[in-house]
Amino acid sequence: MTAQIIDGKSTAQKIRDEVAAEVAKRSSAGKKQPFLATVVVGDRTDSISYVTSKGKACQELGMGSVNHHFPANANQEEVEEIVRQLNADPEISGILVQLPMPEHIDEEKVLSLIDIKKDVDGFSPINIGRLAQKGRSPLFVPCTPAGCIYLLEQANVRIDGANAVVLGRSNIVGMPVALLLNHRNATVTICHSHTRELPSLIRQADILIAAIGKTEMVKGDWIKPGAAVIDVGINEKPDPSKKKGYRLVGDVNFDEAVQTAGWITPVPGGVGPMTIAMLMKNTLHAAELQDNQ
Ligand code: NAP
């Protein structure tokens, strides 16, 4: 059996086209342009590159964006103050604080200040709390987890009643994706670095979400035949044939798993492009929530 490849790139483009069409409609109706504010502390190249891509995506879709970049030695009060100002600014639809921040900044405290109606990353404790409770729903769902679920649904993978294994329990991917699967009536097992007998647990999974950041750790013979495999991992694997000396691979050994799985996302081109597409969707949603204020 060879798995069906789930194409995140084209799915993400479809979402972006839909968001751009809605933004254009808003503009014709004289409504406010959705506007994303990003906050970065420090000079991590990955963080700078992520916020640059987010700003570029806003521009492509007709939305506004502004980036507040603080030096690595910025203090807690300065970062909190910009979040308060952005909360109060009626032109700003969504606020995204790029993580991780330097160690001396209390991230939880900063995230908890974001107005939940502007929390487009979905990481404020209130939005996560609502996601964890039965019968409640958050105003925003974190972007990468939302992208994973969207890809499963678009591929018509049955989630209701499925055995789902989530590999990783981080606040940004593993835990929220597990909560989303639970909301959709999957039976969810969350695995982490203390989990024993990982291969045998994964062999039970109709749906596997791998989000651990370990190069091709999941082997083909760990995959249940016909399973849906969503690979969130982004890892650099040495490859002398590439200009940069490496290529990007996931947490799953794709070449092996593609022989057994029913569906699989590639890396790159799977979950990666979905994250920004979902952020754009969330920013549009934030603008809509604020229309009625
Ligand atoms: P993270 O915060 O480092 O969390 C990693 C998780 O994996 C932890 O829960 C950890 O367990 C678990 N883990 C680590 N080694 C393990 C092992 N050998 N066996 C079982 N579990 C293990 O990572 P993250 O931020 O969630 O990101 C995970 C991966 O997704 C990374 O490759 C990252 O680059 C990628 N990512 C991609 C996107 C995207 O847009 N596609 C977005 C975000 C992240 P403990 O909790 O016990 O430590």
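Where is the place of Pro100? Pro100 sits in the loop between strand 4 (94–97) and helix 4 (107–113). Before going further, please keep in mind that this is a predicted model.

**Backbone details in the loops**

Pro100 is worth a look on screen, as a cis peptide bond joins Leu99 and Pro100, with omega at about -5°. Another cis bond runs from Val267 to Pro268, and its omega is near -5°. Pro268 belongs to the loop between strand 11 (263–264) and helix 10. A further backbone detail is found at Asn185, a residue other than glycine whose phi is positive, near 70°. You will find Asn185 in the loop between helix 7 and strand 6 (187–191).

**Helix 6 and its two partners**

Two packed helices are described by the angle between their axes and the distance between the axes. Helix 6 (residues 143–154) packs against helix 7 (residues 174–183) at an angle of about 40°, and the axes are 8 Å apart. The two helices are therefore oblique to each other, and their crossing is right-handed. On the helix 6 side, the contact is made by Pro145, Ala146, Cys148, Ile149 and Leu152, while helix 7 brings Pro176, Val177, Leu180 and Leu181. By class, this contact has 9 nonpolar residues, with no polar and no charged ones.

Helix 6 also meets helix 10: their axes come within 8 Å and cross at roughly 105°. That angle makes helix 6 roughly perpendicular to helix 10. From helix 6, the contact takes in Cys143, Thr144, Ala146, Gly147, Tyr150 and Leu151, and from helix 10, Met274, Thr275, Met278, Leu279, Lys281 and Asn282. The residues of this contact divide into 7 nonpolar, 4 polar and 1 charged.

| Pocket | Volume | Lining residues | Lining by class |
|---|---|---|---|
| Largest pocket | about 1,500 Å³ | 47 residues | 24 nonpolar, 13 polar, 10 charged |
| Second largest pocket | about 330 Å³ | 17 residues | 10 nonpolar, 4 polar, 3 charged |

Which residues lie nearest the centre of the largest pocket? They are Tyr50, Thr144, Ile234, Gly272 and Thr275. The elements that give two or more residues to this lining are helix 1 (8–28), helix 2 (45–60), helix 6, strand 10 (246–249) and helix 10 (272–291). Helix 2 gives the largest share, with 6 residues.

In the second largest pocket, the residues closest to the centre are Val141, Ala146, Arg184, Lys281 and Asn282. Helix 6, helix 7 and helix 10 are the elements that give two or more residues to its lining. Here Ala146 turns up again, close to the centre of the second largest pocket.

**Putting it together**

Helix 6 packs with helix 7, crosses helix 10, and gives two or more residues to the lining of the largest pocket and to that of the second largest pocket.

Methods: Residues numbered from 1 in each chain as written. Predicted model: local features only at pLDDT ≥ 70, side-chain atom pairs only at ≥ 80, totals over all residues. Heavy atoms only, no water. Axes fitted to C-alpha atoms, helices over the stretch in contact; angles between N-to-C directions. Helix = DSSP H or I, 4+ residues; strand = E, 2+ residues; numbered from the N terminus. Parallel < 35°, antiparallel > 145°, perpendicular 65-115°, else oblique. Left-handed = near helix turned anticlockwise from the far one by under 90°. Contact = heavy atoms within 4.5 Å. Nonpolar A, V, L, I, M, F, W, Y, C, P; charged D, E, K, R; others polar. 1 Å grid on protein atoms, 1.4 Å probe; cavity = no way out; pocket = protein on both sides within 12 Å on 5 of 7 lines; lining within 4 Å. Points joined across faces, edges and corners; volume = space filled by probe spheres on them.
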